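Please look over the chain below before reading the points that follow. They are set out by residue, then by element, then for the chain as a whole.

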Amino acid sequence: CPNFMNDFWEACGVSCEILEGGSLQVGDSIQVIPNSYKPKRCNVGLKPQGFFKKPAVRSIADVKAAIIPVPIAIVLSLMDAEGFERVEKGYNSVEQHFFSPRAYRVGMFVKDYVRTPLLLVSGGVAVVAVVIGLASKI
């Protein structure tokens with residue numbers, strides 16, 4: 001769907017916090033609790049300001065600030081290989097990229113060729129350390 005994110009940017013719905021249980025139905029009325037606006041309560045993490053702008057109006061600086069460095073992509077791929085790939089495919093479905101092409105290639109290389117051997121070696125080292133620790137107590 002070309003231009004999906006730009007076309008639907010303002011039509012993404014209401015972002016709110018449900019304070020009491022229940023359900024909302026189409027047509028229900030809602031109200032803002034007086035004096036409840038506390039923007040500093042929301043933690044947006046490390047997202048740059050450009051993240052909150054419609055893609056078509058992002059400046060070059062906004063785009064560059066959003067580029068995930070290769071070392072971060074490597075860590076993400078090691079921590080959650082399937083999630084690493086899934087987030088990129090999700091962004092690709094609306095003609096966007098979560099990672100730069102280079103960061104994605106490196107992350108996929110780590111996923112395909114480094115992650116499993118590294119986990120096996122790490123696990124083996126942990127087992128040896130436990131055995132040595134137990135043997136030293138005997």
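1. Asp62 and its contacts. Leaving aside neighbours within four places in sequence, Asp62 is in contact (heavy atoms within 4.5 Å) with Gly50 and Lys53. Asp62 sits in helix H2, residues 60-65; helices here are DSSP runs of H or I with at least four residues, strands are runs of E with at least two, and both are numbered from the N terminus. At 12% relative accessibility Asp62 counts as buried, where buried means under 20% relative accessible area, exposed over 50%, and partly exposed in between, with a 1.4 Å probe and protein chains only.

2. Basis of the model. This is a predicted model, in which local features need pLDDT of at least 70 and side-chain atom pairs count only at pLDDT 80 or more, while totals for chains, interfaces and linings use all residues. Residues are numbered from 1 along each chain as its sequence is written, and side-chain values use heavy atoms, with hydrogens and water left out.

3. The Lys53 pair. Lys53 forms a salt bridge with Asp62, with the closest N and O atoms 2.9 Å apart; the term means a side-chain nitrogen of Lys or Arg within 4 Å of a carboxyl oxygen of Asp or Glu. Lys53 is partly exposed, at 34% relative accessible area, whereas Asp62 is buried. The whole structure has 4 salt bridges.

4. Glu85 and its partners. Lys89 and Glu85 both lie in helix H4 (residues 81-92), 4 residues apart, or about one turn of the helix. Their salt bridge has its closest N and O atoms 3.4 Å apart. Glu85 also meets Lys111 in a salt bridge, at 3.3 Å from N to O. Because Glu85 lies in helix H4 and Lys111 in helix H5, this pair ties together parts that are 26 residues apart in sequence. Glu85 counts as buried, at 18% relative accessibility. A network of salt bridges links Glu85, Lys89, Lys111 and Asp112.

5. The core. Which residues make up the largest nonpolar core? There are 8 in all: Ile68, Val70, Ala73, Phe84, Phe99, Ala103, Tyr104 and Met108. Such a core is a set of buried Ala, Val, Leu, Ile, Met, Phe, Trp, Tyr and Cys residues joined through side-chain atoms within 4.5 Å. Helix H3 (70-79) and H5 are the elements that give two or more residues to this core, and H5 supplies the largest share, 3 residues. Leaving aside neighbours within four places in sequence, Met108 is in contact with Phe84 and Glu85.

6. The surface of H5. Phe109, Tyr113, Val114 and Leu118 make a nonpolar surface patch of about 400 Å². Patches are made of residues with over 30% relative accessible area and no salt bridge, with like charges joined within 9 Å and nonpolar side chains (Val, Leu, Ile, Met, Phe, Trp, Tyr) within 5 Å. Leu118 is in helix H5, residues 101-136, and counts as partly exposed at 40% relative accessibility.

7. The chain as a whole. The protein chain has 5 helices and 0 strands. Its radius of gyration (taken over C-alpha atoms; the globule rule is 2.2 Å times the number of residues to the power 0.38) is 22 Å, well over the 14 Å that the rule gives for 138 residues, so the chain is more spread out than a compact globule. The C-alpha trace spans about 70 × 40 × 25 Å along its principal axes. Buried residues make up 16% of the 138.

Conventions:
Accessible areas come from the Shrake-Rupley method with a 1.4 Å probe; for residues, only the protein chains shown count as cover.
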